[in-house]
Amino acid sequence: MHIKIKEREIEMINEALREIQRGSAEIIDNERVEKLLKAYFEEGKTYTVKAGFDPTAPDLHLGHTVLLQKLAIFQKYGARVQFLIGSFTATIGDPTGKNITRKVLSKEDIVKNISSYTTQAFKILDESKTDIVYNDDWLGNMSAADMITLASNLTVARMLERDDFSKRFKSNTPIATSEFMYPLLQGYDSVYLKSDVEIGGTDQKFNLLMGRQLQKAYGIKKQQAVLMMPILEGLDGVQKMSKSLGNYIGVSDTANDMFGKVLSISDDLMWRYYELLSNKSLDEIAALQQGVYDQTLHPKKVKEDLAFEITARFHSNEAAQNAKAEFEKVHAKSQIPTDIAEFTASEDIWICKALVDCALEPSTSQARRDIKQGGVKIDQIKVLDDKSQLTIGEYLLQVGKRKFAKLKVN
RNA sequence: GGUGGGAUAGUCAAGUGGCCAACGACGGCAGACUGUAAAUCUGCUCCCUAUGGGUUCAGAGGUUCGACUCCUCUUCCCACCA
């Protein structure tokens with residue numbers, strides 16, 4: 001009897017481990033994770049998992065949700081999540097991934113970003129198992145002496161080993177001294193919070209390891225395990241998903257946008273998204289891949305399923321269903337979409353001006369070019385003359401395949 | 001603090017007195033094609049009711065008929081030396 005329970009327990013732990021490891025790029029101190037899970041299954045002991053978020057942008061995108069989904073898995077297996085808002089560190093700007101010194105955010109901007117940020121995060125995370133913490137609560141009160149003590153834990157040579165610093169150094173891109181403080185402060189967060197596990201992107205490796213080093217230096221017996229998730233590529237499939245590059249799918253995107261954006265990724269990238277974003281098991285995904293390979297499954301169908309799953313997660317099944325129908329309508333059958341922004345004009349208006357006013361074109365010059373190339377339609381008919389005027393009436397304006405607006409001229 | 005080098009459109013990067021609204025690459029937009037907003041191919045890519053006009057090459061002055069190109073100062077960046 002006793003042995004049987006034991007067996008089941010081991011099985012559960014292994015199952016949990018598999019889920020936690022899925023899609024991860026690297027786990028440092030896997031043993032620690034195993035022990036934490038064991039303690040949870042045997043004694044119901046909880047533990048903490050820290051993840052830092054930079055409130056520099058008010059919106060989360062799918063790149064962030066890769067981490068959030070992983071955190072949710074941890075919550076399923078006994079973790080309390082320390083949802084760390086880098087309210088202090090954001091004022092420095094982490095250099096990661098950007099080869100230019102990031103501009104510093106004001107406190108007001110940060111506060112403004114946070115509430116929308118957390119609302120979005122709780123679409124995935126279990127709020128009752130999450131502690132939101134702000135690092136200026138402890139970093140903000142550090143004295144200069146404390147800072148210097150902290151800084152003495154790291155040598156310049158070691159700092160320069162960090163990939164992006166060394167790249168910037170070699171290519172003569174400026175590095176502000178304050179940027180050196182960033183990994184130290186992030187590491188110190190782990191000291192203060194006594195985190196058991198920290199998760200982050202692979203680009204955070206240096207910072208994550210700094211947490212372990214500092215925990216040791218500050219006398220914490222068991223150092224945090226570190227789990228790194230790969231960086232999700234953006235829609236272009238090359239660069240990491242980021243708002244500033246414009247290659248992102250936002251959590252708060254409309255269902256239609258979300259569906260369409262997922263469908264626009266390349267077939268190769270689709271598998272990557274499946275692995276990191278889908279809740280399908282790895283076996284199921286492998287089967288899909290095999291199906292596409294044998295040509296028994298159409299890649300578009302497979303991609304649609306992914307788009308559906310993701311859209312439904314952030315909206316609803318129904319919304320996803322509608323988005324799918326809408327997409328078919330607009331793109332596959334090139335019909336006009338259901339919801340179109342409406343504008344009015346109070347007098348006769350020049351077509352180019354109208355396109356600019358309806359936010360379909362950035363400038364009248366661009367409008368002219370598109371008209372010349374046959375990219376502009378009024379009521380489904382190509383506009384040939386870039387000098388034409390719109391008189392009283394209602395018009396359906398279209399630029400390219402997917403920009404629409406209704407204009408009413410009075 | 002000293003010496004030398006640099007700053008060009010969304011990004012990277014040519015251009016060293018007129019032929020420059022400025023080569024090229026990437027990105028972006030449009031067209032064709034397609035299972036898609038994928039891939040591929042083609043065109044476009046400062047603004048302006050435009051076969052013309054206006055404003056650009058870090059900023060401010062200056063030389064010149066004429067400056068992105070030469071001179072002076074300012075700001076910022078980099079390297080070497082301290």
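1. A polar contact here is a pair of N or O atoms within 3.5 Å; within protein, one must be able to donate a hydrogen and the other to accept it, and residues adjacent in sequence count only if both atoms are side-chain atoms. Keep that handy for Thr 364, which has a polar side-chain atom 2.9 Å from a phosphate oxygen of RNA strand B.

2. Some housekeeping. This is a predicted model, where local features need pLDDT of at least 70 and side-chain atom pairs count only at pLDDT 80 or more, while totals for chains, interfaces and linings use all residues. Side-chain values use heavy atoms, leaving out hydrogens and water, residues are numbered from 1 along each chain as its sequence is written, and chains are lettered from A and ligands numbered from 1 in the order in which they are written.

3. Back to the RNA. The side chain of Arg 368 puts an N or O atom 2.9 Å from a base nitrogen of RNA strand B, and Lys 300 has one 3.3 Å from a sugar or linking oxygen.

4. (Helices are DSSP runs of H or I, at least four residues, and strands are runs of E, at least two, numbered from the N terminus.) By class, the surface has six nonpolar, 15 polar and nine charged residues; Ala, Val, Leu, Ile, Met, Phe, Trp, Tyr, Cys and Pro count as nonpolar, Asp, Glu, Lys and Arg as charged, and the others, Gly among them, as polar.

5. Now have a look at the sheet: six strands, open, mixed pairing, in the order β1-β6-β5-β2-β3-β4. Two strands pair if DSSP finds at least two bridges between them. At the edges sit β1 (26–28) and β4 (130–134), each pairing on one side only.

6. With β5 (residues 197–201) it pairs in the parallel sense over two bridges: Val 49 partners Val 197, and Lys 50 partners Glu 198. β2 and β3 are also parallel, over seven bridges, with Ala 51 opposite Phe 83.
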